[in-house]
Amino acid sequence: MLPRPPSASMTTMTEYVLPTHANVLGNVFGGQILAWVDICAAICAQRHTSQMVITAGVDELSFEKPIKVGQVVLLTARITATFRTSLEILVQVQGEDAKTGARWPCVSAFVTCVALDGHLVPTPVPALELRTDEERTLFADAHERRTHRLARRKKAP
């Protein structure tokens, strides 16, 4: 498998917030945002691996500013690191006022996906071809996050 750059699998999605996506305050449900994050990450991971993937985990989320009915949700996903059979994807979510074009951060998340072969067994993934300083920094930080994730998993009952 040849290494692939993050740019080859970068994924963007745009969603329009409808009343069915929102709570009584008119803000999009956090769970709805998380569902869109999961889909965006899965598409990005499948583009990189050329395999089916499953979500293994999502790091801690903190919502910064709500997105309301009638506004637009912009999601961008990119691979930050690959491991043996898994990969980490950064998904950034912004709100957009369609009338003014103003944008603001809503939430970001690191999603871990595992690639599966045709027998649903974890399978090796292509390495990440790092081309920029930002990509190298994200990659290095991803290894530290992975170490913390694995340590938390060992402590879990």
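**Reading contacts, sheet and pocket**

Tutor: Contact means heavy atoms within 4.5 Å. This is a predicted model, where local features need pLDDT of at least 70 and side-chain atom pairs count only at pLDDT 80 or more, while totals for chains, interfaces and linings use all residues. Residues are numbered from 1 along each chain as its sequence is written, and side-chain values use heavy atoms, with hydrogens and water left out.

Student: Is Met 52 buried, exposed or partly exposed?

Tutor: Buried means under 20% relative accessible area, exposed over 50%, and partly exposed in between (1.4 Å probe, protein chains only). Met 52 has 40%, so it counts as partly exposed.

Student: Which strand holds Met 52?

Tutor: Met 52 is in strand 2. Strands (E, at least two residues) and helices (H or I, at least four) are DSSP runs, numbered from the N terminus.

Student: What is the order of the strands in the sheet?

Tutor: Two strands pair if DSSP finds at least two bridges between them. Here five strands form an open sheet in the order 1-3-4-5-2, with antiparallel pairing. Strand 1 (11-16) and strand 2 are at the edges with a single partner strand each, so one side of each has no neighbour in the sheet. Strand 1 pairs with strand 3 (residues 72-82) over six bridges, in the antiparallel sense. In strand 3, Ala 77 is the bridge partner of Thr 11.

Student: Which strands does helix 1 touch?

Tutor: Helix 1 (residues 30-49) packs on the sheet and touches strand 1, strand 2, strand 3, strand 4 (86-96) and strand 5; its direction makes about 45 degrees with that of strand 3. For such angles, axes are lines fitted to C-alpha atoms, for helices over the stretch in contact, and the angles run from 0 to 180 degrees between N-to-C directions. Helix 2 packs on the sheet too, touching strand 3, strand 4 and strand 5, at about 80 degrees to the direction of strand 3.

Student: Which residues lie nearest the centre of the largest pocket?

Tutor: On a 1 Å grid over the protein atoms alone, a pocket is an open set of points where a 1.4 Å probe fits, with protein on both sides within 12 Å along at least five of seven lines; lining residues have an atom within 4 Å of a point. The largest pocket has 13 lining residues, with Ala 56, Thr 112, Arg 149, Leu 150 and Arg 153 nearest its centre. Helix 2 gives the most to this lining, five residues.
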